[in-house]
Every structure is written in structure tokens, then in C-alpha cells.
Amino acid sequence: MKNKLVFLADVRTNFFSYLLALPAILFTLIFGYCTIPYMIIAFQKYNFRKGLLGSEFVGFKNFEFFFKSNDIVQVIVNTIKLNFLFIGFTTLLALVISVLLNELSQNWMRKFFQSSFLFPYFMSWVVISYMLYSLLSYDHGLINNVLEWAGLKPLSFYTESKYWTAILVMMKMWKDFGLNVIIYLAVITGFDTEIYEAARIDGANRWQVCTRITTPLLMTTVSILTIIAIGKIFYGDFGMIYALVGDNGVLYETTDVIDTFMFRTLRTVGNPSQAMAVGLFQAIMGFILVCGTNYIVKKRFREGALF
Amino acid sequence: MSLKRIVSANSLMWLVIAAVSLLCLLPLLLILMISFTDEAEIVRHGYSFFPGKLSLEAYSLLFKSGKQMFNSYGITIFVTVVGTAAATLITGMASFAISNPSVRNRDKLAMYFFIPMVFSGGMVPWYMINRAIGLTDNILALIIPTLLFSPFNLFLVRNYMRELPISLIESAKLDGANDVTIAFKIFFPLSMPILATVALFYSIGYWNDWWNAIMLVSDINLYPVQYFLMKLKSEASMLKNMQSMAGGGAFKPQESLQMATAIITIGPIILLYPFLQRFFVKGLVVGSVKG
């Protein structure tokens with residue numbers, strides 16, 4: 001009661017501030033908080049006409065479908081495996097490139113390279129799917145042209161799922177590593193220059209500066225970003241997978257992730273209750289992981305925790 | 001250490017960086033070359049960086065019969081301009097509220113914005129809420145859901161505004177200004193660098209979006225360019241429509257036409273790129289140093 005009065009008094013004295021925040025508050029209410037009651041449709045046989053309150057409850061039946069289907073293990077494994085590979089390879093490439101780039105003394109060259117690394121980040125996955133097609137297409141693709149020229153048999157990328165883990169990892173690296181390079185370079189500029197001077201006076205060469213000073217100092221940032229990324233490991237990149245793979249069922253074995261599976265269950269199969277069961281599982285696992293990883297960051301690095 | 005070793009280490013470093021940089025740009029160059037390649041040449045020899053015969057036919061066909069494409073282009077421009085302006089305004093205003101020290105519950109308010117980032121119902125409830133409030137098959141469905149407000153950007157602006165001197169607010173209040181005046185006349189002009197960065201994030205989000213379209217829009221006249229491009233690959237009829245005005249050559253542009261469309265959708269990003277990336281890098285540096 002008292003809290004409520006204090007809150008109301010605050011709203012009254014700062015009425016205009018709250019007014020300014022109102023659009024954002026409403027947006028968050030509608031698209032954030034209002035999604036939570038809808039989670040109960042995971043326990044219903046949802047009917048669009050009867051709505052949230054009128055639909056029949058069926059207990060855990062939707063989860064049974066989800067956990068008993070053969071696809072689901074595959075889908076969860078794909079999601080986690082791909083995310084781990086994405087995080088690992090993107091971080092590694094970004095780390096190497098930013099440490100090397102930091103050693104370049106010509107400023108304009110650094111700027112040029114930095115811009116070219118960031119370029120793919122601005123491309124949409126749809127455009128990237130066109131680029132990928134121009135490389136992989138069976139009839140005209142650049143890779144098959146080269147193979148043919150070398151006297152080898154062309155590869156049919158779009159019908160063989162075994163290539164796609166590698167393809168997806170490479171495309172993700174290609175799009176995202178530039179962003180990480182920028183972040184790492186920003187962090188490197190913040191380092192104490194005295195350390196570098198001291199190392200030079202002690203006769204350290206470039207390689208030693210890279211491996212013994214820059215890389216270890218970057219590790220805090222790398223760890224924090226990695227741990228945060230691991231918190232999101234149950235979320236597949238729908239935009240990426242759907243744009244690159246689409247409805248090509250032949251490739252699902254290695255490419256289907258929780259989010260694309262959920263999308264199909266909702267839109268193609270048309271079963272919102274089963275889709276929600278998947279979504280609820282994802283939300284809960286995601287929440288546990290975010291809290292867990294945040295706890296680790298808080299304990300080990302203090303500064304980097306989200307909350 | 002010998003001079004030779006230093007030189008070779010240095011050149012190796014250069015080589016690695018230059019190779020990676022080249023790999024970042026080559027795919028764009030490839031689709032650009034394909035869009036200018038003669039269709040018969042593609043059928044005979046496949047895609048190449050150095051096509052035997054160049055042609056402008058794909059582009060001329062695109063400008064002749066690409067009515068649907070230009071309609072999508074218009075939709076995307078409208079959505080990007082209106083959406084970015086609204087989103088930046090909403091974010092700036094809310095950031096002011098959670099960085100105004102006289103608001104006692106500002107941290108609780110910040111928490112209110114943060115919680116759904118960690119836990120929410122996801123895709124299915126999101127879809128149903130949009131249906132329930134009528135955000136389907138209209139232009140607002142492309143502007144409001146998902147893209148209009150991002151808590152991530154909110155915290156970026158908040159971190160910047162928190163560093164502004166409190167005395168500004170106090171002295172303005174003594175002069176009788178209310179919070180709205182303070183926000184618009186003092187805080188927003190001083191936060192221009194970060195607001196510009198956030199506007200850039202939002203505009204890229206709008207330009208590249210097709211999620212809202214695939215979920216909420218079925219009317220072809222409302223397709224944004226990205227979704228149009230996606231459909232151009234998956235639905236043969238769309239390509240046929242565009243090809244229908246082609247001349248009587250043996251091969252109507254098909255692959256080159258698709259690639260030309262892709263090039264046109266990224267045109268503005270390429271043209272604005274030097275400007276885009278400067279603001280982007282600046283904003284990220286500010287964000288990562290202060291956040």
C-alpha cells in the first residue's frame with residue numbers, strides 16, 4: 001500500500017517523464033508481457049474461434065507430441081550444435097583478425113579493412129542467400145565451375161544435407177565476425193599504452209606483443225561475450241536458416257533448428273498449441289541458461305553482468 | 001631475430017588480412033557480375049567473375065516490367081523512413097525517463113523494459129497478439145511489430161544520457177521548463193551522436209526485414225523488397241511476370257534478372273556505406289566503452 005502511494009506520488013511529480021516513456025511502456029506491455037498469458041495454450045487444444053479462454057484443456061498432450069516425435073532430438077541437437085560452432089568460429093576469427101589489425105600501423109589501411117569486414121553485417125540473409133546460390137548452384141555455381149574446370153565431379157549442395165553444417169558456419173562467420181572485430185578493436189584502444197611501451201623496452205617482438213599482451217587482455221571481453229552468447233543457445237537464427245534453406249526438406253537433417261521447426265508447426269502445419277509447447281520449452285531453457293550464465297559472469301568478472 | 005624473418009612475418013600478416021577482406025567483398029562482386037552477364041552466356045558457361053559477354057538486358061527488363069518490384073521498393077522506403085523516425089523518438093523519450101535522476105523509480109522502470117528480453121512467450125503469442133489487435137495485411141503490420149522499439153537501443157541511449165550533467169536539468173527546472181521541454185530542447189540535441197547511431201540500427205533493421213512480412217502480410221502489394229526478393233526465388237510465377245516483357249532473344253534473362261533485383265535492393269546500403277559504417281563504429285565504441 002505504502003509502495004503504491006510512493007509510486008503514485010512519483011508519477012505525479014514526474015508526470016511528463018512518465019508520459020514520454022508511455023509509448024515504450026505500452027509497446028513492452030503488448031509485445032512483451034501480454035505474450036506470457038498466451039503460454040497456457042501449450043496445455044490446450046487451441047481453436048482460433050474459441051480463443052484463449054474458450055479452448056479445451058488437454059494437459060501435457062502437446063508436449064508428448066513434441067518429445068515423442070523423432071525430429072525433436074535432431075532439432076534440439078542442431079540448434080545447440082550450430083550455435084556452439086557459430087560462437088566458437090566467429091570469436092576465433094574475430095580475435096585473430098583484430099589482434100593482427102591492431103598491429104597495422106597505416107591508419108587508412110586499417111580503416112579500409114575494417115570497413116570491408118563490417119560490410120557483410122549490413123546484408124540481409126535474403127541477399128546472402130542469393131550470394132550463396134551463386135556459389136553453390138548445381139548448374140551454374142562458381143564452385144562447381146571450378147570443380148568442372150579441374151576435371152572433378154560437380155557437387156549437388158542443395159540436395160545433400162552433409163555439407164550444410166559447414167556451409168552455415170561459414171556464412172554465419174562471414175556475416176558476423178566484422179562486428180566482433182569492431183568491438184574487440186574498441187576494447188584494445190582502451191588498453192593502457194604503458195604496458196606496450198614497457199614490453200617494447202624489454203625487447204618483446206610483435207608476435208610476443210600479440211600473444212602475450214593483447215590476446216590475454218582481450219580475454220575478459222571475449223569470455224563475457226561468449227558466456228552471454230551461450231545464454232542464447234536454445235534460440236536458433238530463424239532469419240538465417242529460413243532464408244538460406246527455406247522449405248528444402250532434404251536439408252532439415254542438419255539445418256532444422258527449434259525456431260524453424262516452431263515456425264512450420266505454426267504456419268505450415270497450423271497447430272499453434274504444439275508450436276507453443278515447443279516455444280514454452282525454449283523459453284524456460286533459455287531463461288535458465290541466461291540466469292546461469294549471468295551468475296557466472298557476475299561472479300567472475302563483476303563488470304559485465306547484465307543484471 | 002633476422003630482418004628476413006621480420007619482413008616475412010609482416011607480409012604474412014598482411015596476406016591474411018587482405019585475403020579475409022577480399023572474401024568479404026567477393027560474393028557481392030560475383031552477384032554484381034552475374035547481373036551484368038548475358039543470359040545465354042550463363043546457360044553455356046555458368047557464373048563467372050569474368051563473363052565472356054556482358055549485357056544490360058536484365059536491368060532494362062527490370063526497369064520495364066519491374067512494376068511490382070518498384071512498388072515493394074516504395075513500401076520499404078516508406079516503412080524505413082516512418083519506422084526509423086518513430087522508433088528513434090520512442091527510444092529517446094523512454095531513455096530520458098529512465099535517466100532522469102528526479103524519477104525515483106527509474107531503475108524499476110528500466111527493469112520493466114529489460115524483463116521481456118530474458119523471458120517472453122516467443123513466436124506463437126506474438127503472432128496471435130498481432131492478429132488480435134489487427135496488425136495483419138496493412139502497412140502498420142510492417143512498422144509496429146518487433147521493430148518499433150528495442151530495449152537494447154534503449155540501454156545504449158540511457159548509458160549515454162546518464163553521463164550528461166544533472167545540473168542541466170536542475171537549472172532548466174529553475175527556469176520553469178518541464179520535462180518535455182528539457183528532453184527535447186536539452187537532452188536530445190546533446191545526445192545526437194548516440195541517437196544517430198540508434199536511428200541507423202533501426203533503419204538497417206527496417207530495410208532488411210522480412211519477418212513481419214512472412215508472418216503478417218499476404219497481400220503482394222504490401223511486400224517489402226526483402227520479401228519480394230525471397231519470393232522471387234521460391235515462386236516461379238513472379239519471375240515469369242517480370243520476364244513477360246522481355247524481347248525475342250533465345251534466352252530471356254532469368255538468373256541475371258534475379259541477381260539484378262538483389263543488387264537493386266542493396267543499392268542504397270552500398271551508396272550510404274561509408275557514412276553508415278562510420279556512425280556504426282562510433283556508436284559501438286561509445287556503447288562498449290560506456291556500457
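A: The expected span of a helix is 1.5 Å times one less than its number of residues. In this predicted model, helix α6 of chain A (residues 107-118) has 12 residues and covers 17 Å from its first C-alpha to its last, close to the expected 16 Å. Within α6(A), the buried residues are Phe113(A), Gln114(A), Ser115(A), Phe117(A) and Leu118(A).

Chain A has a radius of gyration of 25 Å, well over the 19 Å that the globule rule gives for 307 residues, so chain A is more spread out than a compact globule. Along the principal axes, its C-alpha atoms fill a box of roughly 75 × 70 × 35 Å. Of the 307 residues in chain A, 38% are buried. Where contacts in chain A link residues at least 6 apart in sequence, 68% of them join residues at least 24 apart.

The contact between the chains draws 68 residues from chain A and 75 residues from chain B. On the side of chain B that touches chain A, the elements that give two or more residues are α1 (3-35), α4 (67-99), α5 (106-118), α6 (123-132), α10 (179-190), α13 (225-234) and α15 (255-290) of chain B. The largest share of that side, 15 residues, is supplied by α15(B). By class, the side of chain B that touches chain A comprises 55 nonpolar, 17 polar and 3 charged residues.

The nonpolar core comes next. The largest such core has 148 residues, and those with the most contacts inside it are Ile97(A), Val181(A), Leu244(A), Ala94(B) and Ala97(B). Helix α9 of chain A (residues 164-189) contributes the largest share of this core, 12 residues. Domain 1 (33-65 + 235-291) and domain 2 (78-218) of chain B both give residues to the core, so it lies between them. As for Leu244(A), its contacts beyond neighbours within four places in sequence are Trp125(A), Ser129(A), Leu132(A), Leu168(A) and Met171(A).

Leu216(B) is found in helix α12 (residues 211-216) of chain B. Leu216(B) counts as buried because it has 21 C-beta neighbours inside 10 Å, the cut-off being 20 or more. Setting aside residues up to four places away in sequence, Leu216(B) touches Asn130(B), Leu135(B), Thr136(B), Ala141(B) and Pro145(B). Although Leu216(B) and Asn130(B) are 86 residues apart along the chain, their C-alpha atoms are separated by 7.9 Å.

Note on methods: Residues are numbered from 1 along each chain as its sequence is written. Chains are lettered from A and ligands numbered from 1 in the order in which they are written. This is a predicted model: local features need pLDDT of at least 70, side-chain atom pairs count only at pLDDT 80 or more; totals for chains, interfaces and linings use all residues. Two residues are in contact if their C-beta atoms, placed from the backbone, lie within 7 Å. Helices (H or I, at least four residues) and strands (E, at least two) are DSSP runs, numbered from the N terminus. Ala, Val, Leu, Ile, Met, Phe, Trp, Tyr, Cys and Pro count as nonpolar, Asp, Glu, Lys and Arg as charged, and the others, Gly among them, as polar. The radius of gyration is taken over C-alpha atoms; the globule rule is 2.2 Å times the number of residues to the power 0.38. A residue is buried if 20 or more other C-beta atoms lie within 10 Å of its own, exposed if 12 or fewer, and partly exposed in between; C-beta atoms are placed from the backbone. A nonpolar core is a set of buried Ala, Val, Leu, Ile, Met, Phe, Trp, Tyr and Cys residues joined through C-beta atoms within 7 Å. Domain bounds come from an automatic or database domain assignment.
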